[in-house]
Amino acid sequence: MSVAANVSAGAHAHDEHHEHKENFITKYIFSTDHKMIGKQFLLTGMLWALIGGFLSVIFRLQLGFPEMKLEWLRPLLGEWIQVDGSLDPEFYLALVTMHGTIMVFFVLTAGLSGTFSNFLIPLQIGARDMASGFMNMLSYWFFFLSSVIMLTSLFIETGPAAGGWVVYPPLSALPQAIQGSGLGMTLWLVAMVFFIVSSLLGGINYIATVINLRTKGMSFSRLPLTIWAFFLTAVIGLLSFPVLFAAALLLVFDRSFGTSFYLSDIYIQGEALPNMGGSPILYQHLFWFLGHPEVYIVLLPALGITSEIIATNSRKPIFGYKAMIISMLGITVLSFVVWAHHMFVSGLNPFLGSIFMFLTLIIAVPSAVKVFNYLTTLWKGNIIFTPAMLFSIGLVSFFISGGLTGIFLGNSAIDIQLHDTYFVVAHFHLVMGSASFFGLMAGVYHWFPKMFGKMMDAKLGYIHFWLTFVGVYMVFFPMHYIGIAGFPRRYYSWSNFEFANSFTDLNMFVSVAAILTFVAQFVFLFNFFWSMYRGKKAPLNPWRSNTLEWTTPLEPVHGNWPGEIPTVYRWPYDYSKPGAEEDFIPQTVPYSQTPESNLPHEQQFVDEEREDAADDVVVANEHKH
Amino acid sequence: MSIDKINTVEEAEQPLSMHPQKFALWLFIVTVVMLFAAMTSAYIVRQGEGNWLIFDLPTLFYVNSGIIILSSATMHWAYTAAQKDNLGQVKLAMWLTTVLGFAFLVGQWEAWGVLVDADLFFVGSNISASFLYVITGLHAVHLISGVIFLIIVLISSYKYKVHSKNMTRMEMCVTYWHFLGGLWIYLFVFLLLNH
Ligand code: HEM
Ligand SMILES: [Cu+2]
């Protein structure tokens, strides 16, 4: 046994040698360690969230208070504040576009998947690092490059892209259409190409790691649901991002080379353009083939994080582990066959529309299964309301309230009325934006002790939660009514419409709520950085959780476990098992040590463990000869 | 039972070990497949909308297809030679494959020339021509990356790094090259059937 251990230690001596060579640059900047890369993604994502949030505050000011004088923003926005102190209408569109792009891709894709897939996959499956640390590092740096380019586009004279985060042509394809379709759009495309490269590099790594590097005993049926979620997210990304690349490439050709993939019969100021024979609908198909799966790329990791946190803090096994996996698989498959529900009013053949309607509504089934399982896990649990738990429960709430409106929108007939109104905005902000954001927050509160070895302040966490939770509903709930009343999205101002007058107050209310919610995030920021330095030292397993990451040292070194990687004997959800002394049994505890709590069918595992142990002795003896 | 006692038996046995780099290559191939699936679907969707110019594909494409099939054969030869540690043959076969790879690229370029002579341009002619350029061009870009890979393996064969005990790089190169050849045949057949 000891010899076997030595042999294995030798195999990884390579890892430990790294420690000597580390300096500031290799440790904090060009790091290949998955934990550091995860933190890099987190910090960059947080920065983006602040920028994206700030942009929304500016345009909410415009929507809630259209008469407001914004001169005080001139030092920052310069010419974009017009002489009379109002916001430039084209810049309004640019703000909306950048807000969407930043939130969907930079915060909730890179900031969420990038952070937690990187940080948790090796720790929870029992691996020293990702399959390729180098590719992982490249993934971050492509993201960084993409970020720099996207950020630069905010400051150029003609402004950033302004055609909406979906950048539909012809608007986005014709530089003469609006200012934002000039250089800003070019930078948007370049940044997104690097973003796609980053996502693919990351995704390839996540999949390769989950499949190849699980520790002994960590079968797929013992994987934490977080890992299942990250894995399926990566699969979705791998299959859909290349399609976005194709869409973007053809758009680049149309913009810069004069081809007509998406352009046809266009007149600008009475003058006909030479482009003939293109189809803007083609772009919509290509875009939404990524676009819809993208919403699950954003959501699934948050759902996985929630599963883990809710089970841990309910002190109960997750209800329906297999059902959770099957519904995630179902969502993964279905997410690729519903894209045209974003195109019901694009002139799509109504028969085709009803097929997509049918497929869309089927997604409600796995979604409902997941909700049911969250609620039944909570039911009669010994719930511990940590901030992470509150955010997870918040996610479930948003997933329900936002998911229900998806069923409305999925009906092609109702969508004729609701499409491109604030009803859609309310729907996806609840189900995608807020739910995933809460998943991200839950993850930060829950794994902060593992990331930084310190505890975050729980009181500040509660304040942050309640302000944000109430704030989100105050912002997005009224938007349903505004949408049903017929307010279209992406409009600079409605003050010219008679019907809009009776909603002025509601729009003001939403804007005030949005600003308060934004301000509340600074409670979190303070807590985050203050705890990093001044926080209480964390215990090794602060949430009394079963998963492997809590068996590492307080601040794991490169390679994660100083000795051998622990072996896994059971699934990760043995909480409050009848007969057990403690209310949790970590994955590393063999059944042979827990005779008091083993279920009848688990007795067979004890025998298997004995056989394995016997094999190990034989191996060890052979080494001695 | 103490809960903070960690049970470690021995180093983790990897449940399904495939070489991580090889595995990553396969995943990369999946992304390339998706890229071309998107392009060819876009082609079909657009074609269904009418206003689609039909023209004959350059006959050079047949020649190029022959070249790429031949290069797959020489690639395979290099692979079996490496397995048998026959270094002389490895070098020869790798040289042949690389040259054939270049020949294919030149052939594709010439085929574009044929198209231009027939007044079929990337910009300004019918969209069907634009699509042809995009699809063949994207394939050529990937083929260039394949040729670079061939050259890397060729160089390492001169450094005695390709032999039966060190096949990873060779195997990855073989996989990628066969894939690129197969991809071309698929695209060619696709274009023949749908132009
Ligand atoms: C019960 C499940 C769901 C159904 C039936 C559903 C249905 C729909 C439909 C039909 C639309 C198009 C509305 C329109 O543009 O007129 C839509 C928009 C959207 N949905 Fe959902 N959805 C569901 C769940 C989700 C989830 C889970 C997410 C995110 C994780 C999400 C994110 C979005 C986004 C971002 C949009 C807006 C896209 C845009 O036009 O900019 N949806 N949804
Ligand atoms: Cu969708």
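This is a predicted model: local features need pLDDT of at least 70, side-chain atom pairs count only at pLDDT 80 or more; totals for chains, interfaces and linings use all residues.
Colleague: How many helices and strands does chain A have?
Modeller: Chain A is a chain of 625 residues. Its C-alpha trace spans about 90 × 55 × 50 Å along the principal axes. The secondary structure count is 18 helices and two strands.

Colleague: What radius of gyration does chain A have, and how does that sit with the globule rule?
Modeller: For 625 residues the globule rule gives 25 Å. Chain A comes close to that value, so it is as compact as a globular protein of that length. Its radius of gyration is 26 Å.

Colleague: And chain B: what radius of gyration does it have?
Modeller: Chain B has five helices and zero strands. For its 195 residues the globule rule gives 16 Å. The chain is well over that, so it is more spread out than a compact globule. Its radius of gyration is 22 Å.

Colleague: What box do the C-alpha atoms of chain B fill?
Modeller: The elements of chain B run α-α-α-α-α from the N terminus. Taken along the principal axes, the box is roughly 75 × 55 × 25 Å.

Colleague: Which residues coordinate the copper ion (ligand 2)?
Modeller: The donor residues are spaced H-x48-H-H in sequence. The distances are 1.7 to 2.0 Å. The donors are His292(A) through ND1, His341(A) through NE2 and His342(A) through NE2.

Colleague: Where in chain A do His292(A) and His342(A) lie, and how many residues apart are they?
Modeller: His292(A) is in helix α10, residues 280–314. His342(A) is in the loop between α11 (321–334) and α12 (350–378). The pair links distant parts of the chain, with a separation of 50 residues.

Colleague: Is His292(A) buried or exposed?
Modeller: The cut-off for buried is under 20% relative accessible area. His292(A) has 6%, so it counts as buried.

Colleague: Which residue is the only protein donor of the iron atom of ligand 1?
Modeller: The donor atom is NE2, at 2.2 Å from the iron. The residue lies in helix α15, residues 422–452. It is His427(A).

Colleague: Is Lys35(A) buried or exposed?
Modeller: Lys35(A) lies in helix α4, residues 34–64. Beyond four places in sequence, it touches residues including Phe119(A), Leu123(A) and His558(A). Its relative accessibility is 5%, so Lys35(A) counts as buried.

Colleague: Which residues does Met103(A) contact, leaving aside neighbours within four places in sequence?
Modeller: Met103(A) sits in helix α6, residues 89–125. It is partly exposed, with a relative accessible area of 22%. Its contacts are Ala49(A), Gly52(A), Gly53(A) and Leu108(A).

Colleague: Which residues does a cis peptide bond join?
Modeller: Most peptide bonds are trans. Here omega is about 5°. Pro170(A) lies in the loop between α7 (133–153) and α8 (183–212). The bond joins Pro169(A) and Pro170(A).

Colleague: What phi does Val167(A) have?
Modeller: Most residues other than glycine have a negative phi. Val167(A) lies in the loop between α7 and α8. At 0% relative accessibility it counts as buried. Its phi is positive, near 35°.

Colleague: Is Lys380(A) buried or exposed?
Modeller: Lys380(A) is found in the loop between α12 and α13 (387–410). It has a positive phi of about 60° although it is not a glycine. The cut-off for exposed is over 50% relative accessible area. Lys380(A) has 72%, so it is exposed.

How values were computed. Residues are numbered from 1 along each chain as its sequence is written. Chains are lettered from A and ligands numbered from 1 in the order in which they are written. Side-chain values use heavy atoms; hydrogens and water are left out. Helices (H or I, at least four residues) and strands (E, at least two) are DSSP runs, numbered from the N terminus. The radius of gyration is taken over C-alpha atoms; the globule rule is 2.2 Å times the number of residues to the power 0.38. Buried means under 20% relative accessible area, exposed over 50%, partly exposed in between (1.4 Å probe, protein chains only). Contact means heavy atoms within 4.5 Å. Donors are N, O and S atoms within 2.8 Å of the metal (3.2 Å for Na, K and Ca); water is not among the atoms, so sites may look incomplete.
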